[in-house]
Amino acid sequence: MISFALALLAVPSAPAQESAEWVAVRAGTIHVVEDGRTVKDGTLLVKDGVIVAVGADVEVPSAARVVDYGPSAVLVPGFVAADSTLASGSLPERTANPGLRATDGYDAYGNYGRILAGGVTSAYISPAQARLICGQGAVVKLAGDDPGARTVAAPVAIDGSIAAEARGIQGYWRLPLPGTADVGIGRPLEQLPRTTMGAVLAYEELLDGVAAGVELEPYGPTAVGQLAPLVEQGLVWRIGADETHEIRALLGLAKQRGLKLVIDGGQGAAPLAEELREAGVGVVFEVPFVPNRQGINRGKGADAVWPDLTVASALAREGVSVSIATPPGMALADLRFAATLARKGGMSAADALRAITLEPARMYGVADRVGSLAPGKDADFAVFVGEPLELGAVALATWVGGELAYEAGAGDDERTEITVLRAGEVHVGDGTVHAPGEVLVIDGTIVEVGARVARPAGAVVVDVPVVMPGIVDAMGYLGLDGRRGTPDPGYDLTLLLEPGDETDVRVAQHGITTVVLDSPGNSGSGAPLIAYRPASHDLDTMVVDPLAAIRTFWPDGNPRNDGRVVLGLLEKLTKYQQSWDGYYEKLAKWEPEVAAPQFKLPGDDGDDAEAEEEEDDKKKKRNDDVDPTALTGIWVGHAVVEPAVMGEAEEGEEPEVVTPAVTERLRLQVRLLEAPAAEGWLRFNGLSDQLMHVEGTYDAESGAFSLSGLCTHGRFTLAGTIDDVAVDPEEPPVGFAGRLIGGPFDAEASAERTSRDYPVAERPTPDDSEAESADDGKPREPRRDAAMDQWLRALRGEVAVICQADTAEHILACVAAFESVGIKPVLQGAAQAHVVADQLEGRVAGVLLTHQIEIGGATADISINRYARLQAAGIPVAFYSRAEEGAVDLPLMATFAVETGMSPSAALRALTSDAATMMAIDDRVGRLERGLSADIVALSAAPFDPTSEVLRVWLAGREVR
Amino acid sequence: MLTLEPIRLKDAVRACALGAALVAAPNALAQSSDSLVIEAGRIVVDSQNEIEDGVLLIEGGRIAAVGKRGEVEVPWDAQVMGGPDFTAFPGFVEAYSARGMDRANERIDVAPFLDVRDAIDPINVYFQDCLRWGITTVNVQQGPDCVIGGRGRLVKPVGITIDEMTVRPGFGLVMSAAPKSGKSRATQAGAMRETFAELHRYLESIVQDAKDGGDFARREALAQGRELDGDKAEGRPFQSAANWSIDGLELIPRGAIDEQKEPLLDLVEGRVPAFFHCAGPHDVHLAIETAKDNGFLERTTLVLQPACWKAAGVIAEAGVPVIHTGSMIHTETDPVTGEETETFVLEVYRDKGITFALSSQNTSTASLWYQAARAVGHGLTRAQAIDAVTVAPANALGMGDHLGSLNAGRLANVVLLSGDPLATTTMVEHVFVEGAHAYDRSKDPRNRILFEGADPLDNLRSDG
């Protein structure tokens, strides 16, 4: 309060004129353009919308608002579009329309945000197109609250064209009113010109008319009268001309009549460069390329003029004043791209920048207002990240008259957030480094990583020295806030999470973005661990994986019980798995009662039936390709079992028939796995009264398959060929014929496909209502066990298993036990892992070593870096904190590991991608790779460099602040 | 549904043989009795004055007196209509409408010699609808697809000939600052300026001809079959606030001025009001510039689309009234951020002190009372909203002394409503146009078709 009062007292001492509005804009590079001046780390000082000073050491008044765009920003004068159709509408009626004013056609209230976004702040506006004289051109600004103030100058030019488009125009005809017998309705009045000579003659006639003060009938009643004051003012004649002969003709006219001339178009201007320079004639060169449409055929003849990007540079070299403009069809916002194309033709970046700023301003006589950043001019400028005439520069902001007119990313939050991180080094995390490199992040997900990534519209470019993936604390306590106790299996761990904690943010600012949240203590059925981003701003983006890992232990307090917990769990797990497998098996066998199908008699709806037939015909015609999955489905048929003969038939005796010839029903339910593998179930009472699992192969081309399985008689084989493998078979149902050989049987088997569906049983969710439903013979699912469910997921590799084991003996026993069920555990502790490293390779997911990185060897000068040792043996290691905010020590642990012999890239892997892989969250975090979450850390120098510090951190694409 | 009290109605029917045909019948009433008394539970004289339990005394088609019952002296033989359940309201004034004609626009750019008289269709359903909505005066003008359009006409929606309907003939001239189809903004502006430049040239040339002793204008007029007598035989000097002038126009008999040019001369000399269309704020600049340069700013009314609110500063400075058409809410989308901004246009006009009238000419917007009610919903006061459909359009038409309120001396255009004029449940029960009973909702054949499902043909037959 006191300080406020003091401030109030201080105000009157300031002079009264301080009500002026001061703005100081800072940027790493400022291209003044005037005199080719460029200022590094400069300041542009603006007072009331006018540039007051520009330079490296500009004294900024205390009242000034300071806007700092940072060292990577490049500030250039607002671009001046040398040609635009903003004010042009339909064709005017006559050949010469000197009375048309472009300012009438320009909507000075319009919002030209899209054009401003391209850095264009002013534009020359043509009143019309394709007429010998289109009217009076003007230069306007594209932003500003006062519509009157948007006009920079009007008129600035007599706008016209002698190019092909302007010749051969329609006749002019005004219907006389009333049309009577006396006053015929007449016919269109032919209009000049059709040829270049006609066009030049028309100009001469008009100029003669002006000189003589006489209206000329063919040009309408007022053309000369309207043209005269314009000629008197000595306005520039800005005439469209493309071909060399047109330009030459205009040059001749200008010389003869003493006209100030600007050529618009100028495709064929290069051969006349010298004449143009001597005559002081400027050229508005329209780049001969229009994006967003198909290519244009320009003729195959030897003299056909193909797009020539070198014209602008050839003219500039000769000293001709050249402006670069967008051709009709190209968005005005792409003016910068047009200038970049001119560079492709050999123009220097400085010349190309002049050609879209100062040159057009001078051509139209408005260089006192716009076109450069010299003091005294309007504060119209554009800010880019990167040099604007290099490809891939991104617009940050555009100012007009000292006011912000466009700002990138100023849209509402609903918009897609696109960020390009541009770095000297991009450490992907798996050992790959892009130097330099870029990362494209869209809506929190990494979309592209490489030396140069895409720049979608609206992208915000951030320059940083080095980026790496966020660090993963493979086992930490951050967020427990001192809570003890181990959560039960099945506990919703997300309930522990709480966004918005300041400590979390501080930890994240050290680069730790993901924590696999452990808990103190052990659980007999395995303690669940959640992976989450502590500093994330909301719950949705906080969770990385609600169940990342299960932690158990091998050694026990009582040595006799070592491993009991794990072995017991695994035994239980096997049974649990079997009970589920059995359930699925039964479920596959079970057929729900099918309601009687309802038939529609033909004739009920004849048209429909016909239509359907036609439809079917069409389908047949359309699709007789081979169906790659023709085998999949349910096949019902039978196999004829031949009477088997026991023993050699004695002479004269009838052979003893052991089994009579029987026809047995056969039901095969099969599906194609990854071709050509197929599997399914066979029911055939001739072989077994159980459902038999079959596996085999299928050849999609020929339709031949071979399936085999086990039955009480041993192995059997069912082989056959499907008779129609087309996608749309000619005559369904499709069948197969083959043989069933197994045990005592060798039977001809045939079946028809009754269904294309192979019912894959989804695990049903417990549903009370279903239990109450009528007993339809549907198999009941086994009782759920939350502890075992999590282990089942571990079996499928979705959840990591961490097991504590220390001694070599324990380690090997533990690994073997898990191996028996197909789990690769993460060993935790594992003090002697490096001793048995050679036996662990490929059998463990990784090792979370005790924090003792370096252990002494036999003598003082031999020490062992256990982390490096294991990693060298091909076993991933990771750093973990087992602490809350202590997670910030992880980078230092890794630095120490590097100091004691680990490679920096291996240490980085251990901090990021290996930790993520171990915890089975590598599909979400751990690397800078397409599809992964944009958890990114920006560093001032390479990781593990002594001077390296964390500059910025992004979590799921959002910066942590 | 409210109806007139039965006995009185019967009297009225007997006395004046009131047919129920919607439009044609009521004239008989007006002729049969000199004075009519309308009683109402509430009389909304204008936005400021209301009278509870009042009477309106109507004589000769105009309001002779208005006041509380008992305070107004009522002739003993006057017809008495209305009743305590009604609210009397000034007939709504439609300040601008391009409807009621066979077609709204002509194809010619500049056609001031046209007259909507030749296009108005008295049996157009539009006029029937006007009565249903309580609109008693309509300014019928050409549509906006022109540079300079034909002459309009102020009509009442009653009568079977155009002459019967006419309130003011040759009323106003339509102009458009928004580009006509096929024109760009620049060519529209060019054509606009050229039209007046041409008028100037034409007048100069005939004056010069006369000064040179020629007789071109007169001869041409006679050749075209025009008679130069009375006023038309006399010349008058050019009198205009335009920034150009003609010396010696008095040499030319006014009747000799080319028919195609004459309406423009009337405009420039301030004899007819101008209705200037603007589609966007930029058009407003052209409209005001044209009106100022050619001396008819005083008589200009802008007919505005919603986007024009941005030019409110310019409009306020020029001091011209406006007629708002289209939506009251102007919505804009920022091309960069995609952000939508909504502006309640009338509030901007109000805050700038611009006189604005509402109009229902746009078919997508409902009638005047509904618009007024909506405007209140968006933040106008009740008085402002009522003014915008009564006094403001009347003043914009220069008819403030005749229309727009129920004060004594005004034309007896009275609407009897079933309730508050701005309530959505209110119905127009009776309409009196210049003292004639023009509409009775209980007899509206269309309502009977709608509500009673009566066969339209039968209905029309029995109602005679």
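In chain B, pLDDT stays under 50 over residues 1-32, a stretch for which the model has 49 contacts beyond four places in sequence. Another such stretch in chain B is residues 459-464, where pLDDT also stays under 50 and the model has 7 contacts beyond four places in sequence. Keep in mind, as you look at these two segments, that this is a predicted model. Where pLDDT is low, the predicted coordinates should not be read in detail, so please treat the contacts there with some caution. For chain B as a whole, the mean pLDDT is 86, and 89% of its residues reach 70 or more. The predictor gives the complex an ipTM of 0.82 and a pTM of 0.71.

Now let us turn to the interface. Chain A brings 29 residues to the contact and chain B brings 27. The size of an interface is often given as the accessible area lost when the parts come together. Here, chain A and chain B bury about 2200 Å² between them, with 53% of that on carbon and sulfur atoms.

What about specific pairs? The rule finds 1 salt bridge across the interface of chain A and chain B. Asp104(A) pairs with Arg193(B) in a salt bridge, their closest N and O atoms lying 2.5 Å apart.

On the side of chain A that touches chain B, the elements giving two or more residues are α2 (102-105) and α3 (113-116) of chain A. The largest share, 3 residues, comes from α2(A). By residue type, this side of chain A divides into 12 nonpolar, 9 polar and 8 charged residues.

Technical notes: Residues are numbered from 1 along each chain as its sequence is written. Chains are lettered from A and ligands numbered from 1 in the order in which they are written. This is a predicted model: local features need pLDDT of at least 70, side-chain atom pairs count only at pLDDT 80 or more; totals for chains, interfaces and linings use all residues. Side-chain values use heavy atoms; hydrogens and water are left out. Contact means heavy atoms within 4.5 Å. Buried area is the accessible area (1.4 Å probe) that two parts lose on being put together, summed over both. A salt bridge is a side-chain nitrogen of Lys or Arg within 4 Å of a carboxyl oxygen of Asp or Glu. Helices (H or I, at least four residues) and strands (E, at least two) are DSSP runs, numbered from the N terminus. Ala, Val, Leu, Ile, Met, Phe, Trp, Tyr, Cys and Pro count as nonpolar, Asp, Glu, Lys and Arg as charged, and the others, Gly among them, as polar. pLDDT is the predictor's confidence in each residue, from 0 to 100.
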